[in-house]
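Good morning, and thank you for joining this group meeting.

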Amino acid sequence: MRLEVEVLATAEEIGRRAASVVLDELAAGRLRTLGVATGSSPEQVYAELAAAGARWDGVEVFALDEYVGLAPGHPQSYAAVVDREVREPLGLDASRVHVPDGGAEDLDAACAAYERALEERGVDVQLLGIGATGHIGFNEPGSPFSSRTRVVELTGRTVADNARFFDRPEDVPRRAVTQGVATIARARRHVLVAQGEGKADAVRAALEGEVSPECPASALRTFDDVLVLLDPAAASGLTERPAGPRRPRPVPAGAR
Ligand code: F6R
C-alpha cells in the first residue's frame with residue numbers, strides 16, 4: 001500500500017502532476033479505463049490532458065456520479081459536464097464515455113448495470129475530488145466502505161456548495177447516483193486533487209483523522225496506491241507536513 005501527499009503551489013501545477021500520472025499510464029499501455037470526477041477541482045487536470053495531444057484510442061471513461069432529477073441534457077448534469085470537459089477536449093468517442101443514468105425510470109437497475117460495467121472493465125486510474133463533508137464521489141458521511149453504486153441523498157452542505165453551478169439554489173438536485181466507496185476502491189490507482197481553504201478540514205479528517213465512514217475520504221488510507229495533490233491552502237490543516245513547496249511564511253511587519 002502506498003499513499004503519497006504532495007503540496008504544490010498552484011492548481012496548474014496540481015493539474016500537470018495529476019495529468020502526468022494518467023499520461024504515463026497511457027504511454028505505458030496500461031490505461032484502458034480512466035475514472036473521472038466532475039466539479040472545479042480537476043478542471044486543470046483535464047486542460048493538461050487535452051493539451052498533451054495524446055491518442056486515447058481504446059480508452060474508456062467512467063464518471064463517478066450523476067444528479068438525479070435534472071432534465072435530460074441539462075448543462076449542469078454530469079453527463080453534460082463530462083462531455084464538455086473531458087470527451088470533447090480529448091476527442092473521445094461518445095460510446096466510450098459512461099456516466100450513471102440519473103434519469104432512469106428504474107434507478108436501482110441503472111445503478112446495478114453501472115456497477116456491473118465497472119466491475120467488468122476495471123478502472124486503471126481514478127481521479128477524485130473531495131467535498132467539504134469529506135465525500136468522495138457523492139458518498140456522504142455515513143456511507144459504508146462496503147457501499148456500491150446506488151442512489152444517495154446529498155447533505156445540505158453539499159447542496160449549498162454545488163449551488164454555484166445553478167441559477168437558483170432551489171434548482172440544485174438533492175439526490176444523486178454515485179459509485180460506492182467499495183466501487184471506487186477497486187481502481188488500481190487513485191489521484192485525489194484538492195485546492196482551497198474550504199477543503200482544509202476535510203483533507204485533515206481524511207488523512208489524519210479516524211479511518212471511518214464518518215469521513216468517506218478516509219477510506220483512501222485503505223486503498224493500494226493513492227496520490228493526494230494539494231495546494232497550500234487545502235494542506236493548511238495538516239499537522240504532519242507532507243513534501244513539496246510550503247506555504248510561504250508571513251513576513252513580520254517590521255522586516256518589510
Ligand atoms: C464530483 C464528485 C465530488 C467532487 C467534490 C468536490 O464528480 O465526485 O466528490 O469531486 O464535491 O467538488 P469541487 O471540485 O467542485 O470542489
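**The ligand and its surroundings**

Let me begin with G137, where a backbone N or O atom lies 2.7 Å from an oxygen atom of the ligand, a polar contact being a pair of N or O atoms within 3.5 Å; within protein, one must be able to donate a hydrogen and the other to accept it, and residues adjacent in sequence count only if both atoms are side-chain atoms. Taken alone, the ligand exposes 410 Å², of which the protein buries 94%; these accessible areas come from the Shrake-Rupley method with a 1.4 Å probe, and for residues only the protein chains shown count as cover.

This is a predicted model, in which local features need pLDDT of at least 70 and side-chain atom pairs count only at pLDDT 80 or more, while totals for chains, interfaces and linings use all residues. Residues are numbered from 1 along each chain as its sequence is written, and side-chain values use heavy atoms, with hydrogens and water left out.

Next, the sheets. Strands (E, at least two residues) and helices (H or I, at least four) are DSSP runs, numbered from the N terminus, and two strands pair if DSSP finds at least two bridges between them. An open sheet of 7 strands, with parallel pairing, runs β1-β10-β9-β6-β2-β3-β5. Its edge strands, β1 (2–7) and β5 (97–98), each pair on one side only. Within this sheet, β6 and β9 share 4 bridges in the parallel sense, and Q126 has H190 of β9 as its bridge partner.

A further open sheet has 3 strands, in the order β4-β8-β7, with antiparallel pairing. Here β4 (65–68) and β7 (150–153) each have a single partner strand, so one side of each is left without a neighbour in the sheet. β7 pairs with β8 over 4 bridges in the antiparallel sense, and V152 stands opposite A176 in β8.

Finally, confidence, given as pLDDT on a scale from 0 to 100 for each residue. The protein averages 94, and 94% of the residues score at least 70.

Key. pLDDT is the predictor's confidence in each residue, from 0 to 100.
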